[in-house]
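Have the sequence and the structure open as you read.

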Amino acid sequence: MRGSVYGCGFIGLLVCLAGCNTFTANSYNAEGVRMLACSRTEEALDCFEQARCADPNNPDAYYNCGVVYHKRAIETGRESDFQMAKYYYDLCLQKSPNHVECNRSKATLLCDMGQNDEAFKMMECWVHREPSNPEPRIELARLYDEHNQLTRARDCLNDAVAIDDRNVRAYTALGNVRERMGDRCEALSAYEHALALNPYQPDISSRVAALRYATPATTPPSAPLRPEQQNSADPNGQERIATQPESIVK
C-alpha cells in the first residue's frame, strides 16, 4: 500500500466553529493514524469508523478504513479483506474523485488482486477526466514505473511538468526516472528544477551533487537507493499510509 507522511490550536478552533462534525471526524482520523502507526490496527479501524459516523461525507474516513482492510488483506490473503478495502476506496472516490492517495491505493489494490489491466484503465480514465491536473499523470507514471515501463513513466511525468511547472513531486520523480534510464544530464536538470522550487530536499541535493561532479568516463557507481527512495513518484518517502488533516497532528 501507499500512503504518504500538524496541533489543535486556533485553526482547529475555527474548523470546529465552521462545522463540529468535520472537526470531530478529523480528530478521529488523526487518532486512527497514530494507532495505525503503532500497529494497533483494531483501534485504528474503530477510530476511522467513528470518523465516518461523525461525518458521513468525510472522504478520508472511508479511505482510512480501506487502508486498514488493505493492510489486512496483504497480511492474511483473505478475499473478504480485499473486497472490503475496495468497497471503502470506492466510497472515498464517490465523495472525492480526485483523492490522490485513494486513487493510488485503489490502483495498488487492483494490482495486488491480479487486476493490473483494471488498475491501468482506472488511472488512464482519471487522466482523461482531469486533463489540466498533473496528479493523475504522476500516479499513472508511478504505476508504469512499478511495472518497469520507464519510458512511459517518463512521458507521463513530462506531461505533468508541462501542465504544472511548479510541481516539485513531478520534477523529483522525473529526475529519478531519467537517472535510472541513464539520462544523467536530463536527470540533473529535473532535480535542479525540484530544488529551485523546494531547496529542503537533502536526498535530492545529494543526487544533484553526484551527477554534477561525475563525468561519463569516471562516474562512480551510485549508492543504492534506500527502500523509501525506490519509487520515483515519492523518492523522499513522504507519503502517508492514511490521510489526516494537517491542522490536527504534529
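Q: How are the axes and angles of two packed helices defined?
A: Axes are lines fitted to C-alpha atoms, for helices over the stretch in contact, and angles run from 0 to 180 degrees between N-to-C directions. This is a predicted model, where local features need pLDDT of at least 70, side-chain atom pairs count only at pLDDT 80 or more, and totals for chains, interfaces and linings use all residues. Residues are numbered from 1 along each chain as its sequence is written, and side-chain values use heavy atoms, with hydrogens and water left out.

Q: How many helices and strands make up the secondary structure of the protein?
A: There are twelve helices and zero strands. Here helices (H or I, at least four residues) and strands (E, at least two) are DSSP runs, numbered from the N terminus.

Q: Why are α10 and α11 called roughly antiparallel?
A: Helix α10 (residues 168-180) packs against helix α11 (residues 184-197) at an angle of about 160°, and their axes are 8 Å apart. Angles under 35 degrees count as roughly parallel, over 145 as roughly antiparallel, 65 to 115 as roughly perpendicular and the rest as oblique. The angle of about 160° is over 145, so α10 and α11 are roughly antiparallel.

Q: Which residues make the contact of α10 with α11?
A: With contact meaning heavy atoms within 4.5 Å, α10 contributes V168, Y171, T172, L174, G175, N176, R178 and E179, while α11 contributes E186, A187, A190, Y191, H193, A194 and L197. These residues divide into eight nonpolar, four polar and three charged. (Ala, Val, Leu, Ile, Met, Phe, Trp, Tyr, Cys and Pro count as nonpolar, Asp, Glu, Lys and Arg as charged, and the others, Gly among them, as polar.)

Q: What makes α6 and α8 roughly parallel or antiparallel?
A: Helix α6 (residues 100-112) and α8 pack at an angle of about 25°, with axes 10 Å apart. An angle of about 25° is under 35 degrees, and therefore α6 and α8 are roughly parallel.

Q: Which residues make the contact of α6 with α8, and how do they divide?
A: V100, R104 and C111 of α6 meet E135, E139, R142 and L143 of α8. That contact divides into three nonpolar, no polar and four charged residues.

Q: How do you know whether N103 is buried or exposed?
A: N103 is in helix α6. Buried means under 20% relative accessible area, exposed over 50%, and partly exposed in between (1.4 Å probe, protein chains only). The relative accessible area of N103 is 3%, so N103 is buried.

Q: What does the side chain of N103 reach?
A: The side chain of N103 reaches the backbone oxygen of P97 at 3.0 Å and the backbone oxygen of H99 at 2.9 Å.

Q: Why is the pair N26 and N58 called a polar contact?
A: A polar contact is a pair of N or O atoms within 3.5 Å; within protein, one must be able to donate a hydrogen and the other to accept it, and residues adjacent in sequence count only if both atoms are side-chain atoms. The side chains of N26 and N58 are joined at 3.3 Å, so the pair is within the limit. N26, in helix α2, counts as buried at 12% relative accessibility.

Q: What makes S39 and N148 buried or exposed?
A: S39, in the loop between α2 (20-37) and α3 (41-54), has a relative accessible area of 56%, so S39 is exposed. N148, in the loop between α8 (134-146) and α9 (150-163), is exposed at 69%.
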